[in-house]
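Welcome, and thanks for opening the viewer. Let's take a short walk through this model, one selection at a time.

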Amino acid sequence: MTELRAVIIGCGKSTRTAGAKEHGISHCHVQGYQATEGCRVTACADIVEDYAASYAALYGLPRYYLDYREMIAAEKPDIVSVCTWPHLHAEMVIHCAKAGVRAIHCEKPMAPTFGEARRMKETCDELGVQLTFNHQRRFEPQYRMVRELANRGVVGKVLRIEAACGDMFDWGTHWFDMVNFYNNDVPAEWVIGQIDCRTENKVFGVPIENQGIASFRYANGVYGFFVSGYGATIWAEHRILGTDGIIEAHMPVVKVRGKGDTEMRTVTFPEQKNIGAWSAITFGIWDLVHGLRTGREPELSARKALAGTQLIFGAYESSRRRARVEFPLEIDDNPLHSMMASGEIGPKRSEHANVKK
Ligand SMILES: NC(=O)c1ccc[n+]([C@@H]2O[C@H](COP(=O)([O-])OP(=O)(O)OC[C@H]3O[C@@H](n4cnc5c(N)ncnc54)[C@H](O)[C@@H]3O)[C@@H](O)[C@H]2O)c1
């Protein structure tokens with residue numbers, strides 16, 4: 001087995017470090033490569049020397065850099081993990097792809113605009129670079145069980161898949177991705193949505209909605225439903241409604257009312273173990289390394305990530321157009337940002353002054 005050399009861009013502060021404010025998600029990436037046979041992490045890069053140096057020391061990496069471009073040129077890695085904030089993803093992914101790396105594993109959300117998200121995928125496709133995004137929830141056993149139950153027909157024919165969380169862009173990128181996952185990655189045909197942006201709300205530097213709603217339909221006739229922000233609840237993380245019952249994910253518990261059940265029951269399964277979102281990152285890395293070695297599409301492929309991202313920006317675009325949006329989505333910007341810039345939505349609107357959440 002040939003050895004694959006990986007490098008990490010954006011170290012962050014370990015969440016185990018006192019005073020760490022962000023997630024330092026790169027700590028999960030390096031552990032993922034180090035747990036994968038045939039991989040070696042040779043270096044990391046961060047603009048904050050303290051972070052880069054302590055990260056290299058903590059994981060026994062031979063070198064660290066303050067400029068990621070210098071690292072790519074010097075290390076000539078096979079795989080790069082991009083663990084910076086979303087506004088840097090496109091620039092870094094495209095630079096690494098053009099510099100000749102073989103695979104890039106980038107953090108979610110893909111990018112602040114749909115154009116950047118699409119260009120990352122297109123550039124990597126053209127250059128034959130394997131591109132993946134860290135929607136690692138696909139590897140958590142409980143969520144896999146939800147899909148398994150649906151595919152086994154426990155609730156009959158699936159009619160609608162629902163999800164709720166704090167926002168469409170940052171957390172929502174995981175949940176749109178999971179709705180797609182539960183529907184076996186069948187493409188969506190359209191989305192109709194609305195967003196409200198009455199108070200300033202940012203995540204990883206990107207302005208997002210305070211509240212949102214989206215309804216969408218897939219090519220197999222299944223519907224999706226998503227609510228975000230203030231008051232967003234479906235009394236579960238995810239729910240699958242079928243002709244004969246309901247499956248609900250209340251992590252780490254899965255509940256079902258299927259054929260023959262009179263009430264909701266908790267599902268137990270032999271592999272039931274709450275491995276957590278962080279450990280699932282190792283599964284994603286193992287899978288993308290396997291994909292690189294075999295040519296198989298990885299579970300976390302850019303194709304699937306773009307399908308979820310299309311739902312985010314499609315819902316925003318529907319709000320802008322005041323109409324249903326058909327896919328494929330052909331916009332380049334972030335409609336929420338454009339509408340904020342023009343004053344169409346946002347805290348500056350007079351009717352939003354002093355309104356309650
Ligand atoms: N998959 C998940 O479940 C999950 C969880 C948390 C965060 N994330 C995502 O991971 C990304 C990073 O989040 P985080 O909380 O780890 O951030 P962080 O702030 O902890 O780490 C980012 C690091 O990037 C460095 N950086 C900034 N500019 C750089 C540059 N030009 N070159 C090299 N390094 C640079 C910063 O100095 C910082 O150390 C975000 O997109 C976030 O949404 C994903």
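Predicted model: local features only at pLDDT ≥ 70, side-chain atom pairs only at ≥ 80, totals over all residues.

**Stop one: a valine and its neighbours**

Setting aside neighbours within four places in sequence, Val93 is in contact with Val82, Ile104, Cys106, Met120 and Leu131.

Now widen the view to the largest nonpolar core, which has 102 residues. Val93 is there among the residues with the most contacts inside this core, together with Cys44 and Ile104. Which helix gives the most to this core? Select residues 302-321: this is helix 9, and it contributes eight residues.

**Stop two: the two domains**

Next, colour domain 1 (4-136 + 279-299) and domain 2 (139-274 + 307-341) separately. The C-alpha centres of the two domains are 27 Å apart. Their contact takes 16 residues from domain 1 and 17 residues from domain 2.

On the side of domain 1 that touches domain 2, pick out helix 5 (114-127) and helix 8 (276-294), each of which supplies at least two residues. By class, this side of domain 1 has nine nonpolar, six polar and one charged residues.

**Stop three: a helix pair**

Finally, select helix 6 (residues 141-151) and helix 7 (residues 172-182), whose axes are 9 Å apart at an angle of about 35 degrees. Helix 6 passes helix 7 in a right-handed crossing. Show side chains for Tyr143, Val146, Arg147 and Ala150 on helix 6, and for Met178, Phe181 and Tyr182 on helix 7, which make the contact. These residues divide into six nonpolar, no polar and one charged.

Note on methods. Residues numbered from 1 in each chain as written. Domains from an automatic or database assignment. Contact = placed C-beta atoms within 7 Å. Helix = DSSP H or I, 4+ residues; strand = E, 2+ residues; numbered from the N terminus. Nonpolar A, V, L, I, M, F, W, Y, C, P; charged D, E, K, R; others polar. Core = buried A, V, L, I, M, F, W, Y, C linked by C-beta atoms within 7 Å. Buried ≥ 20, exposed ≤ 12 C-beta atoms within 10 Å, placed from the backbone. Axes fitted to C-alpha atoms, helices over the stretch in contact; angles between N-to-C directions. Left-handed = near helix turned anticlockwise from the far one by under 90°.
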